[in-house]
Amino acid sequence: MADEYQYSYLNEYERRYFEWAGIEVTAAEGGSAAVRMKVKPHHRGGGGSDAVNGGIGAYMFDGVLGAAVRSTWDETVAGQVTMTLTIQYLKPLLARQAVTARGNVIRRGRTAVYVQG
């Protein structure tokens, strides 16, 4: 049986970012990352449905994209910030138990990295 993946947080801030929302980084290597969130009542959107709140989805999305970028860091990188996050909601994010997300670096320039998920 393979060992469970253990993400190495950069610092306490990054650890709190993921743990606050209950997001677990399940993979982050070579420009790709994956996260999982067990859906709790406070993650729900309106109407009492199985929909996850759009803000929680955006938070999770920003986290997985950031983890993908961080997996490409070398000794020249001092930090990173989200410059633009564009999300188009095409339909509700329905989940009874858990949600997963994946992110991939598509281009890395000298001062900016482009990621999709």
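Contact here means heavy atoms within 4.5 Å, and it is in this sense that helix α1, residues 12–21, lies across β1 and β2.

**View 1. Overall fold of the predicted model.** The structure shown is a predicted model, and its secondary structure comes to two helices and four strands. Followed along the sequence, these elements are arranged in the pattern α-β-β-α-β-β. The C-alpha trace spans about 45 × 35 × 25 Å along its principal axes. For 117 residues a compact globule would have a radius of gyration near 13 Å, and the value of 15 Å found for the protein agrees with this.

**View 2. The open four-stranded sheet.** The four strands form an open sheet in the order β1-β2-β3-β4, with antiparallel pairing. Because β1 (23–29) and β4 (113–116) stand at the edges and each has a single partner strand, one side of each is left without a neighbour in the sheet. Averaged over the sheet, and with direction ignored, neighbouring strands are turned by 25 degrees against each other.

View 3. Strand β2, which covers residues 32–38, pairs with β1 in the antiparallel sense over six bridges. Along this pairing, Val-25 has Val-35 of β2 as its bridge partner, while Ala-28 stands opposite Ala-33, which is likewise in β2. The two strands form a hairpin with two residues between them, and Gly-30, which lies in the turn, has a positive phi of about 60 degrees.

**View 4. Helices against the sheet.** Helix α1, which lies across β1 and β2, runs at about 130 degrees to β1. Helix α2, residues 54–70, packs on the sheet and touches β1, β2, β3 (98–108) and β4, with its direction making about 45 degrees with that of β3.

**View 5. The largest pocket.** The space in the largest pocket amounts to about 1000 Å³. Its lining is made up of 35 residues, and those that lie nearest the centre of the pocket are Gly-66, Val-69, Gln-80, Val-81 and Thr-82. The elements that give two or more residues to this lining are α1, α2 and β4, and α2 gives the most, with eight residues. Sorted by class, the lining of the largest pocket holds 19 nonpolar, 11 polar and five charged residues.

**View 6. The second largest pocket.** A volume of about 420 Å³ belongs to the second largest pocket. Among the 20 residues that line this pocket, Gly-57, Phe-61, Ile-87, Tyr-89 and Leu-93 are the closest to its centre. Here the elements that give two or more residues to the lining are α2 and β3, and the largest share, five residues, comes from α2. By class, the lining of the second largest pocket consists of 11 nonpolar, seven polar and two charged residues.

Technical notes: Residues are numbered from 1 along each chain as its sequence is written. This is a predicted model: local features need pLDDT of at least 70, side-chain atom pairs count only at pLDDT 80 or more; totals for chains, interfaces and linings use all residues. Side-chain values use heavy atoms; hydrogens and water are left out. Two strands pair if DSSP finds at least two bridges between them. Axes are lines fitted to C-alpha atoms, for helices over the stretch in contact, and angles run from 0 to 180 degrees between N-to-C directions. On a 1 Å grid over the protein atoms alone, a cavity is a set of points where a 1.4 Å probe fits but cannot get out, and a pocket is an open set with protein on both sides within 12 Å along at least five of seven lines; lining residues have an atom within 4 Å of a point. Grid points are joined across faces, edges and corners, and a volume is the space filled by probe spheres set on the points. Ala, Val, Leu, Ile, Met, Phe, Trp, Tyr, Cys and Pro count as nonpolar, Asp, Glu, Lys and Arg as charged, and the others, Gly among them, as polar. The radius of gyration is taken over C-alpha atoms; the globule rule is 2.2 Å times the number of residues to the power 0.38.
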